[in-house]
Amino acid sequence: MTSPGGQGGGALSTRGGAGARRMKWALELSMGNARSRVDRQGGQGDVVYPIGYSEKPVPDNSIQETDKNLVEKRCWDVALGPLKQIPMNLFIMYMSGNTISIFPIMMVCMMAWRPIQALMSMSATFKLLESSSQQWLQGLVYLVGNLLGSALAIYKCQSMGLLPTHSSDWLAFIEPPKKMEILGGGMML
Amino acid sequence: MAISIITGGFSVFLLCHFAGAVFEDQVGKFDWRQQYAGKVRFALFDMHVQSSKKVLMATEKNVFASVNTRTGDLAWRHVDSTGPEGNIDSLLLHGQDAVLVVGDGRLLRSWDINVGGLNWEMVLDTGSFQAASFVGHLDSVRYVAVLKKAAISLHYLSNGHQKWLENLPESDSVQYQAVYSEGDGEVYALGLVPNSHIYIVAFSVEDGEIIKQVTVEAPWLSDLGANCVVVGQGVLMCVDVATLSLYTLDLHLDSEMTQIPLQTLELEVSPGFQPVLTSTQPNAAQAPLSEFFLQLGPEHHLLLQLKDNKVVTLRDFQPSLLVSFATTGEKTVAAVMATKNTTACTIILYSADSGRRLLDTTLIFTMEPNGGKPERLYIQAFLKKDDSVGYRVMVQSEDHTLTFMQQPGRVMWTREEALSDVVTMEMVDLPLTGTQAELEGEFGKKADGLCSMVLKRLSSQLTLLQAWMGHLWKLFYDARKPRSQVKNDVTMETLSRDEFNLQKMMIMVTASGKLFGIDSKTGTIVWKHYLENVPANAAFKLMVQRTTAHFPHPPQCTLLIKDKDTGLGVLHVFNPIFGKKSHITPPSLPQPILQSLLLPIMDQDYAKVLLLIDDQYKVSAFPSTKNVLQQLQEMASSIFFYLADPSQGRLAGYRLLTDLSTELLWEVVLPVEVQKILFVKGKRGNEHVHSQGRVMGDRSVLYKYLNPNLLAVVTESTDPHPERSFVGILLIDGVTGRIIHNAVQRKARGPVHLVHSENWVVYKYWSSKSRRNEFSVLELYEGMELYNSTVFSSLDRPHVPQVLQQSYIFPTSISTLEATLTEKGITSRHLLVGLPSGAILSLPKMFLDPRRPEIVTEQSREENLIPYAPEMPIRSEWFINYNQTVARVRGIYTAPSGLESTCLVVAYGLDIYQTRVYPSKQFDVLKDDYDYMLISSVLFGLFFATMISKRLAEVKLLNRAWR
């Protein structure tokens, strides 16, 4: 439907101002910039790769040591995330109170849902932590944090009276007892 | 302060919550009322204007009413107090004034018959009433004479003032029984010394002076009122069955009685029949006619004439069932009803003075197939334009039915006055329609080939579709008419269950022995069946043996009628939907019957088994097939029954043995010298309890003590002294005889009304100490733990339940008490209280709760308990029958409907009122004023809006893509 020519024409016209400068030659040494431009314009095949450009990425080994530390740190961040949220949750819990109305219910739902969601996507988190050397410890911390979060949510439900822990909650399911005797009669007619 | 705020808050909450009154446009939509007057004792047609449309009736129910003769509706009605003090002794009608003597001569009242207003009322002197009559003077009726045992008084008709009162001479030996006047300035009081002589005293109308006293020998006469009438110019005519002769005596002359043997008139009396004389005095200011009727046999009447002291036979009517005189203008006619064949009677008019048959006056009265025989005849005669006599007739039958007819036999209306005395009733589900039943039948039948089954299914689906189309068409057709014009024709064919089972068949048993089947939706009488030979003091018990659920077996009801004198019982088995007597022959009951018991076990035809206990404590079963007897033998060890005998103060429990005899298990004797048993009430068999406990404020459960065998026994002290009287409540287990609870209300007396349901008992008594009506409620709880949650056996319940009790002051006395009932028992319960004013109060059970706290706590508020207040409120919006009062409400019947929120209520007494109540509001039904238009227009609007916006969005996307 849309023709490439038309689009190209549009691109040209937008760069009409810069066109005069590009007619002369220019050397851009910044790699990222150049690549992006090349990438953008490479498809049209009308741009010549600049000097010093290599199509293959150049592996960079100089910063590997510091990266490792960073990854470790980052992984601990992920693992400790749920634990860090607990004080915040406690505060929200305290603020929202035990009355059953729309906002506390929403809070509780959110609080209960987030750890559950996290536990469900545990494998994805493990993949994230794969690069770390303390992967198992971090995973354990992450799990404990989430479990604590959900326990907190359950406690909140309990204090709000949402858990069927009382006998009255099961009252509706008690069947009427079967009659063992048949009785009839009355005043003498 | 805090408490008052809380109670205020509660009352506001309750006001919002229980505002259950109907809206103006709902009046008559779900409810109906029928008003009755009772068995007619006196009926008189209003004759003072030719075109009058009134018949005045005084009934045995102490009701004085005027009925419109065009429609049969009550124009007005006055209900007097029950019992002898409201008894209507006499009804006299002159012009627009109806004069009544009420309460054995206690009151003399005059009513304006046009509007039913009281003209005047006079309190008469004490003394038992004998007779009353108008007294004419100078050709107009001006006075009313009232004859009592020892005195005669004359009152002005215009204002009731007493003109004079005279003592009767020798009143201790003479029984005065009749008063007579013919407008000549004298009033005769006719007395009798039985089997000795007649005593005649003549008083002057002017001043009450005794003009003369005459004694006439009459050793054969024992009752003046039954054997004698006055005919002609003051001639007393008596009939004597011993000598078979008529006696005449001229009251104006001091003569002897003249004997006229019936043989000289060539007449014969049927053997064993007491002849009856009937005369007529059309105008109180003139002498009676000289023509009179003599009845010589059950179907033999004679029109006789007294002429020059000789009796002449004008006409002999044989056969003739009933005779009556009627006067219009100057003409008096005699109406004679004769049986034509087994189903019809003819009524013919004859000229009274000649006995000549009047032309074109034949009227055919068709008797109903299952009705009673005609008993009395009331004739409304009128002069036609050509000066001939036309008439309408009101026939009263044995079954208290009034039928009003005009020539040549067109029934204008019938009134079933038997319905003013309903004894017991039941409600039965209507059957499915023919098409639905056909569908059901399809599944019941054996398979006969695939092809035919498919064809059958298709055809039944087709008929269903057809029925549905017809229903839709009717809906559409009716919707265009205003509601008042929509006629609800109820016939046997259209009787079918509605989708929520709100329409049922009411089976009503009346004291006269007439059974009625009434459609609960419209109040139409669908069928009626008169049972002959029902004794006057019979006890009735109605049981539903098979409901309509077992197609193709017809539903079956059984009525046990017990004669209280002989103790013998009769069973009447019938189909409750059509009223037809069942072809099943009930067993004959040679022994007196003590009680009956309907078991939940069924025979192979799905009829529940009825056990009848005779006075030898032997049991007979109905139906008693082999299958049933076998089942009974298996079940015998778990079948128990109890009997309460108030005459001996004895309560006893029995157990069924396998040979259908019984064994006494327990016995409680309440000494009759101290207290008498008023009644014993168990729980209703069809009651369901949804919740097995109550949730406390701390969310634990207090389990209810739901003993199905619990009986509430109410006793009252025989000592009526207010200081020593008491009312006792005994809660007793009917199987083991274990006394669960015993409460005595000191300084209290009846009448006691009681409702026993679920785990509570509510009763009402009169507190003679505080002189007020009080309600008391007892609730029974098992405690915080259930002993056995799967089965309930009275034989294995070691723990005594906790009993809670609370009492309240009720501002008025009550007539009857009943509780609402719903299908599953989820809906909260209300008490239905019939008040003497005729209102029916729907009182939430929540107010009668022994856990209502005196001090409000957090927990009690959590439980929604209303703080205790001794006074029970009555709010006018709780009256379920708004202004449709039910006179003398005697009983309330409640039945569940197919909707859990709805309970059907029938209140009966003198009137019958049917309605629906919603104790927890209509939580399962869309509101009556639900805005279907708004909702559907919003829905359609949104739908179109989405369609349009979707289209617009597409266009916009396309445009953007083009850019």
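1. Is B:Leu660 buried or exposed? At 17% relative accessibility, B:Leu660 counts as buried, because the cut-off for that label is under 20%. Its backbone is worth a look too: B:Leu660 has a positive phi of about 65° although it is not a glycine. You'll find B:Leu660 in the loop between strand S45 (650-656) and strand S46 (662-669) of chain B. Keep in mind throughout that this is a predicted model.

2. B:Asp104 also carries a positive phi, of about 50°, without being a glycine. This residue sits in the loop between strand S7 (97-102) and strand S8 (107-112) of chain B. B:Asp104 has a relative accessibility of 41%, so it counts as partly exposed.

3. On to the chains. Chain A has 189 residues, and 23% of them are buried. Its secondary structure amounts to seven helices and two strands, and along the sequence the order reads α-α-α-α-α-α-α-β-β. If you take contacts in chain A between residues at least 6 apart in sequence, 69% join residues at least 24 apart. The accessible surface of chain A is about 14,000 Å², with 64% of that on carbon and sulfur atoms.

4. Chain B has 963 residues, 52% of which count as buried. Along the principal axes, the C-alpha atoms of chain B fill a box of roughly 120 × 80 × 70 Å. For contacts in chain B between residues at least 6 apart in sequence, the share joining residues at least 24 apart is 50%. Chain B has an accessible surface of about 44,600 Å², and carbon and sulfur atoms account for 54% of it.

5. How do the two chains meet? The contact draws 24 residues from chain A and 50 residues from chain B. Between them, the chains bury about 3,200 Å², and 62% of that is on carbon and sulfur atoms. On the chain A side, A:Ile182, A:Met188 and A:Leu189 lose the most area to chain B, together 26% of what that side buries.

6. With 19% relative accessibility, A:Leu189 counts as buried. Setting aside residues up to four places away in sequence, A:Leu189 touches B:Ala539, B:Leu560, B:Lys562, B:Leu594 and B:Gln595.

7. How many salt bridges are there between chain A and chain B? The count is one. B:Arg699 forms a salt bridge with A:Asp169, and the closest N and O atoms are 3.0 Å apart.

8. Now the aromatics. Over all chains, a search of the whole structure turns up 27 aromatic pairs. In one of them, the rings of B:Phe293 and B:Phe325 have centres 4.8 Å apart and planes at 40°, so the pair is tilted. This pair links distant parts of the chain: B:Phe293 is in strand S23 (residues 291-297) of chain B and B:Phe325 in strand S26 (residues 322-328), 32 residues apart. Both B:Phe293 and B:Phe325 are buried. Ring pairs also bring in B:Phe317 and B:Tyr350, making a cluster with B:Phe293 and B:Phe325.

9. For a stacked example, go to B:Phe404 and B:Trp413: their ring centres are 5.2 Å apart and the planes are at 5°, so they count as stacked. B:Phe404 and B:Trp413 are both buried.

10. Two charges sit over rings in chain B. B:Lys681 lies over the face of B:Phe679, at 5.8 Å from the ring centre. Likewise, the charged end of B:Arg684 is over the ring of B:Tyr893, 5.6 Å from its centre.

11. Have a look at the loop between S25 and S26 of chain B, where B:Pro319 has its place. A cis peptide bond joins B:Gln318 and B:Pro319, with omega about 0°. B:Leu321 lies in that loop between strand S25 (310-317) and S26 too, and it is buried, with a relative accessible area of 16%. Leaving aside neighbours within four places in sequence, the contacts of B:Leu321 include B:Pro298, B:His301, B:Met337, B:Cys345 and B:Pro374.

12. Another cis peptide bond joins B:Gly750 and B:Pro751, again with omega about 0°. B:Pro751 is in strand S53 (residues 748-757) of chain B.

Key: Residues are numbered from 1 along each chain as its sequence is written. Chains are lettered from A and ligands numbered from 1 in the order in which they are written. This is a predicted model: local features need pLDDT of at least 70, side-chain atom pairs count only at pLDDT 80 or more; totals for chains, interfaces and linings use all residues. Side-chain values use heavy atoms; hydrogens and water are left out. Rings of Phe, Tyr and Trp (its six-membered ring) pair if their centres lie within 6.5 Å; planes under 30 degrees apart count as stacked, over 60 as edge-to-face and the rest as tilted. Helices (H or I, at least four residues) and strands (E, at least two) are DSSP runs, numbered from the N terminus. Buried means under 20% relative accessible area, exposed over 50%, partly exposed in between (1.4 Å probe, protein chains only). A charge sits over a ring if NZ of Lys or CZ of Arg is within 6 Å of the ring centre and within 35 degrees of the ring normal. Contact means heavy atoms within 4.5 Å. Accessible areas come from the Shrake-Rupley method with a 1.4 Å probe; for residues, only the protein chains shown count as cover. Buried area is the accessible area (1.4 Å probe) that two parts lose on being put together, summed over both. A salt bridge is a side-chain nitrogen of Lys or Arg within 4 Å of a carboxyl oxygen of Asp or Glu.
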